[in-house]
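Hi there,

Here is the structure I promised to pass on to you. Please open it alongside this email, and then read on for what was found in it.

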Amino acid sequence: MESYRTEEEQVEALRRWWDENGRSTLVTIVLVLAGTFGWQGWQRYEAQRSDSASDLYQQMLEAASMAGEGIVNGAPAERLASQLRSEYGGTTYAQFAALHQARVAVAGNELAAAEGHLRWVLGKAPAGSDMALMAQLRLARVLAAQGETEQALKLLTPGSSGKFPAASALARGDVLAAAGRDGEALAAYREAQALVEQYPAQLNIATLEAKIQSLVAAGAEAGA
């Protein structure tokens, strides 16, 4: 009988606890489960979007390749790139598509359009990421081609290039050389030359050496 009363008391204690805490506990459990399944669902959704963006990007690359071979014009690749940016703007594939559009625009001497594409990438890519730094380097060259030398140089200041210091120094040299600032250009090229061993994949060594030789020769002629 004592055991029964103890069980009764345990049941009553449990009932009172449930009255006081059960609903909030249930809500917490529901929220935790909803959060867990919601996160899993979000991950599946993002994976599906990434797969779709990847497929679309491959289509764009194929269209661009066909355009490069003269099989079709560039319109299909441009359309697919624009679709990637509008429907999958948060993906890296969309950023690569914008880089492609910028490259095509530069080839067509549509520098303002190229600038717009590159600034879009900079607005989407995480600051300091490889994608952002790549877009920054290309934007600097586009700005220089438009005569915006100082703006270009601001994007190429030493220390702002992250993992691409050699490429940045080379680009800075090109911008300065185009502006007729040969002494500064030579210094930038020599900076790039000093970084070659550490970052050999970032520039063409033969081309860099040819640029240095050209400026050295021009300086010698000017001093003669």
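Let me begin with a term you will need: a crossing of two helices is left-handed if the near helix is turned anticlockwise from the far one by less than a right angle. Please also keep in mind that this is a predicted model.

**How the helices pack**

Two packed helices are described by the angle between their axes and the distance between the axes. Start with helix H3, residues 92-107, and helix H4, residues 111-124. Their axes lie 8 Å apart, and the packing angle is about 160°. Angles over 145 degrees count as roughly antiparallel, and H3 and H4 are therefore roughly antiparallel to each other. Their crossing is left-handed, in the sense given above.

Which residues make this contact? On the H3 side they are Ala 94, Gln 95, Ala 98, Leu 99, Gln 101, Ala 102, Ala 105 and Val 106. From H4 come Leu 111, Ala 113, Ala 114, His 117, Leu 118, Trp 120, Val 121 and Lys 124. Sorted by class, the contact of H3 with H4 has twelve nonpolar residues, three polar ones and one charged one.

H3 also packs against H5, at an angle of about 15° and with the axes 12 Å apart. Angles under 35 degrees count as roughly parallel, so H3 is roughly parallel to H5. The crossing of H3 and H5 is left-handed. Here Thr 92, Gln 95, Phe 96, Leu 99, Arg 103 and Val 106 of H3 meet Met 131, Met 134, Ala 135, Arg 138 and Val 142 of H5. Seven residues of this contact are nonpolar, two are polar and two are charged.

H5 has a further contact, with H7. The axes of H5 and H7 cross at roughly 0° and come within 10 Å, which makes H5 roughly parallel to H7. H5 brings Leu 137, Ala 140, Arg 141 and Ala 144 to the contact, while H7 brings Ala 167, Ser 168, Leu 170, Ala 171, Asp 174 and Val 175. Of these residues, seven are nonpolar, one is polar and two are charged.

**Where empty space is left**

Rolling a probe the size of a water molecule over the atoms shows where empty space is left. The largest pocket holds about 210 Å³ of space. It is lined by 13 residues, and those closest to its centre are Leu 118, Leu 137, Arg 138, Arg 141 and Val 142. Which helices each supply at least two residues of this lining? They are H3, H5 (130-145) and H7 (165-178). Nine of the lining residues are nonpolar, one is polar and three are charged.

There is also one cavity of 30 Å³ or more. The largest cavity has about 40 Å³ of space. Its lining is made of Leu 133, Gln 136, Leu 137, Leu 155, Leu 156, Ser 161, Phe 164 and Ser 168. H5 gives the most to that lining, with three residues. By class, the cavity lining has five nonpolar residues, three polar ones and no charged ones.

How values were computed: Residues numbered from 1 in each chain as written. Predicted model: local features only at pLDDT ≥ 70, side-chain atom pairs only at ≥ 80, totals over all residues. Heavy atoms only, no water. Axes fitted to C-alpha atoms, helices over the stretch in contact; angles between N-to-C directions. Helix = DSSP H or I, 4+ residues; strand = E, 2+ residues; numbered from the N terminus. Parallel < 35°, antiparallel > 145°, perpendicular 65-115°, else oblique. Contact = heavy atoms within 4.5 Å. Nonpolar A, V, L, I, M, F, W, Y, C, P; charged D, E, K, R; others polar. 1 Å grid on protein atoms, 1.4 Å probe; cavity = no way out; pocket = protein on both sides within 12 Å on 5 of 7 lines; lining within 4 Å. Points joined across faces, edges and corners; volume = space filled by probe spheres on them.
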